[in-house]
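This report looks at helix packing and aromatic contacts. The sequence and the structure come first, and the reading follows.

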Amino acid sequence: MCPFKPDTGAPAGLPEAALPEAIVAEEKAQLDFSQSMSYGDYLHLDAILGAQAPRSPDHNEMLFIVQHQTSELWMKLMLHELGAAIQCIAKDDLGSAFKMLARVSKIMEQLVHAWDVLATMTPPEYSAIRPFLASSSGFQSYQYRCIEFSLGNKNAAMLKPHAHRPDLLAHVQAAFEAPSLYDEALRLLARRGITVPASHLERDWTQPYVASEGVERAWLQVYRAPKEHWDLYQLGEELTDLEDAFRLWRFRHVTTVERVIGFKRGTGGTGGVSYLRKMLDVVLFPEIWTLRTEL
C-alpha cells in the first residue's frame, strides 16, 4: 500500500519549485491590475471582443464576422503604412519607404491566408446567414476603397456608397484626390533626372492612370542600368512585389466567393464572381510589367 503523500499538484518526479505557481512567483510577474493598465486595457479588448454581434441563429456567422473584422484591422495597418510610404517617396526617403512597402506586401499575404479560413464555410452554411446580411457587402468597405485609390485605381462612382457618412466620405475623398503611390514614384524618377512625360507628372489625380510608352522608357532606363539607379530599381521591384501580392489577394477573394456562393449576385448588388473577375484585369503599375518584355 502506498504511503499517503499530500497532493502538491506536481506530476510525479517534478519538484514543487517547477509548479506553474512557483514559476510565476519566482519571475515576480505582476498579477494585480486594479491600479495599473493591463493588456486588455491597452488593446481595448472589451470593445474589440464585444464587437461581434451575429444576427442569425447559425453557428457559422461568427466565422464570417471575425474574418471580415480582422481583415479590416489589417487594412487599417496597411493604410497606415501605405500613406507613410507615399509621403516618404515624396520626400526622397526611399529607405523608410522600402521598409513600409515590404510590410504592406506582408500584410497582403495575411489577407490572402484569411480567405483560406473563410473557405471552410460551405454553401449551405453561408445560405443560412445570407438573409441576415441584407445589403451589407465588402464592396462598401471604405478602407479597401482608400487602398485601391492609394494604389491608383481611381473611380468616382466608388465614392457614392459612403455619401451617407460624411466622416467616412472625407477619408475616401482625400485618397481619391491625392497622388497615388505610383504617381509619386514617377515624380521621383523625374526629380532624379529621368525623363517622364509631363502628362504623368502634373495631372488630374482623380482620373484613372493611363499607361504610357514614355513612362515605360523611363523605367527601362532604370532597369537597364540597375547599379547606376539602384534605389530606383529597388523601388520598381518593391512596386512589383506589392502588385503581385495584391493580385493574389484579389484572386483568393474571387475563388473563395465562387466556392461559397457560386455565381449568385453579391449582397452589395454586383454580379459577385463576374464583378470580381473583371477586377482581376486591373493593372496598377502597368509599365513595371510591360518593361520586362523589352529587357
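The charged end of arginine 292 sits over the ring of tryptophan 289, at 5.8 Å from its centre, and arginine 247 lies over the face of tryptophan 289 as well, 4.2 Å from the ring centre. A charge is taken to sit over a ring if NZ of Lys or CZ of Arg is within 6 Å of the ring centre and within 35 degrees of the ring normal.

The model is a predicted one, in which local features need pLDDT of at least 70 and side-chain atom pairs count only at pLDDT 80 or more, while totals for chains, interfaces and linings use all residues. Residues are numbered from 1 along each chain as its sequence is written, and side-chain values use heavy atoms, with hydrogens and water left out.

Helix 9 spans residues 181–191, and because 8 of its 11 residues are buried, it is largely enclosed by the rest of the structure. Here buried means under 20% relative accessible area, exposed over 50% and partly exposed in between, with a 1.4 Å probe and protein chains only; helices (H or I, at least four residues) and strands (E, at least two) are DSSP runs numbered from the N terminus. Among the buried residues of helix 9 are Leu181, Tyr182, Asp183 and Glu184. The buried residues pack against several helices, including helix 4 (61–90), helix 5 (94–118) and helix 11 (230–261), where contact means heavy atoms within 4.5 Å. Just after helix 9, glycine 193 takes a positive phi of about 90°.

**Aromatic pairs**

Rings of Phe, Tyr and Trp (its six-membered ring) pair if their centres lie within 6.5 Å, with planes under 30 degrees apart counted as stacked, over 60 as edge-to-face and the rest as tilted.

| Pair | Centre distance | Plane angle | Class |
|---|---|---|---|
| Tyrosine 182 and tyrosine 209 | 5.2 Å | 75° | edge-to-face |
| Tryptophan 230 and tyrosine 233 | 5.3 Å | 45° | tilted |

Tyrosine 182 lies in helix 9 and tyrosine 209 in the loop between helix 9 and helix 10, so their pair ties together parts that are 27 residues apart in sequence. Tyrosine 182 is buried at 1% relative accessible area, and tyrosine 209, at 16%, also counts as buried. Ring pairs link Tyr182 and Tyr209 with Trp219 and Phe285 into a cluster.

Tryptophan 230 and tyrosine 233, by contrast, are 3 residues apart in helix 11, so about one helical turn separates them. Tryptophan 230 is partly exposed at 48%, and tyrosine 233 is partly exposed at 24%.
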